[in-house]
Amino acid sequence: MLDLFTFSIAAHDAAVDAFGVAVATARPAVGALVPFVSLAGGIATQARVNTEIGRRGIALLDQGVPVGTALGSLLQDDADRDIRQVHGVDAAGSFCHTGANCVPWCGHHDGGEFTVAGNLLAGPRVVEAMVEAYRRAREDKRELSERLLLTLEAGQAAGGDKRGKQSAALLVAGRDPRGYHNLRVDDHPDPVTELRRIYDLVVQHSLRIEREYGPEGLRLFSRVKY
């Protein structure tokens with residue numbers, strides 16, 4: 001287990017039945033630890049990271065267990081729950097937990113079909129800015145991955161992790177996958193900006209594939225893992 005002070009968002013887009021998580025932190029390779037998604041939900045495990053909560057949580061969601069029941073039961077049996085931060089969504093609801101001993105500033109927001117959480121942040125404005133950004137992007141009917149990235153950018157602009165910046169990741173599971181649904185920046189002086197650069201690059205690459213090979217070619221070249 002690793003202490004990972006970070007900020008993240010998990011969200012469900014009911015219109016296309018997709019789930020996603022975006023995250024950034026001042027430690028390397030955050031994408032290898034925090035985000036977990038499937039066609040049944042999305043989970044972020046952070047602060048004192050326990051990837052088993054992510055793996056077992058997603059497995060329970062895939063079996064039809066509600067996210068609140070799944071994560072609540074895993075935390076109930078977790079001796080370190082007071083230093084964990086876990087949040088997530090499924091098609092019917094959401095769940096947030098910020099342990100009493102997580103490092104301040106720490107907190108979360110439960111938006112129903114989306115959740116935002118962070119710890120060791122510059123302040124509460126980080127979470128507030130992320131919530132505002134996600135709502136704006138949703139109202140503008142942005143695609144889920146774009147919503148998540150805009151939300152992450154807003155959190156970073158509001159101060160993000162108060163130790164600095166190092167890695168960021170975006171992970172989406174949907175019935176219409178794209179290459180830009182699984183992106184990581186493992187070590188960079190400005191990882192959220194770099195994640196945006198890569199995202200825009202892969203979006204343009206996907207458009208080129210569709211022009212050259214048509215919708216079926218795009219579908220074949222977009223079978224990303226999650």
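**Before you start**

You are looking at a predicted model, in which local features need pLDDT of at least 70 and side-chain atom pairs count only at pLDDT 80 or more, while totals for chains, interfaces and linings use all residues. Residues are numbered from 1 along each chain as its sequence is written, and side-chain values use heavy atoms, with hydrogens and water left out. Helices (H or I, at least four residues) and strands (E, at least two) are DSSP runs, numbered from the N terminus.

**Stop 1: the open sheet**

Select β8, β9, β2, β3, β10 and β11: in that order, these 6 strands form an open sheet with antiparallel pairing. Two strands pair if DSSP finds at least two bridges between them. At the edges sit β8 (107–110) and β11 (182–185), each pairing on one side only. From one strand to the next, the twist averages 5°; angles run from 0 to 180 degrees between N-to-C directions, and axes are lines fitted to C-alpha atoms, for helices over the stretch in contact.

Now pick β2 (residues 6–13) and β9 (residues 114–118), which run antiparallel and are joined by 5 bridges. Click on F7 and look across to its bridge partner in β9, G118.

Move on to β10 (residues 167–173), which pairs with β11 in the antiparallel sense over 4 bridges. Here L171 stands opposite N182 of β11. Show the side chains of β11: L183 and V185 make up a covered face, and N182 and R184 an uncovered one. In a regular strand, side chains alternate between the two faces of the sheet.

**Stop 2: two helices**

Next, select α3 (residues 125–139) and α4 (residues 144–157), whose axes come within 8 Å and cross at roughly 150°. The two helices are therefore roughly antiparallel to each other (angles over 145 degrees count as roughly antiparallel, under 35 as roughly parallel, 65 to 115 as roughly perpendicular and the rest as oblique). To see the contact (heavy atoms within 4.5 Å), show residues including V126, M130 and Y134 of α3 and L144, L148 and T151 of α4. By class, this contact has 10 nonpolar, 2 polar and 2 charged residues; Ala, Val, Leu, Ile, Met, Phe, Trp, Tyr, Cys and Pro count as nonpolar, Asp, Glu, Lys and Arg as charged, and the others, Gly among them, as polar.

In the loop between α3 and α4 you will find K141. Its phi is near 60°, a positive value in a residue other than glycine. K141 is exposed, with a relative accessible area of 74% (exposed means over 50%, buried under 20% and partly exposed in between, with a 1.4 Å probe and protein chains only).

**Stop 3: strand β5 and its partners**

Jump to β5 (residues 41–49), where 8 of the 9 residues are buried. β4 and β5 form a hairpin with 2 residues between them, and S38 has G41 as its bridge partner in β5. β5 is also joined to β6 by 7 bridges, the two running antiparallel; follow Q46 to its partner Q85 in β6.

While in β5, click on A47. A47 has a positive phi of about 60° although it is not a glycine, and it is buried at a relative accessible area of 2%.

**Stop 4: two loops**

Select D78, in the loop between α2 (67–76) and β6 (84–90). At 9% relative accessibility, D78 counts as buried. Leaving aside neighbours within four places in sequence, D78 is in contact with I53 and R84.

Finish at W105, in the loop between β7 (94–98) and β8. A cis peptide bond joins P104 and W105, with omega at about -5°.
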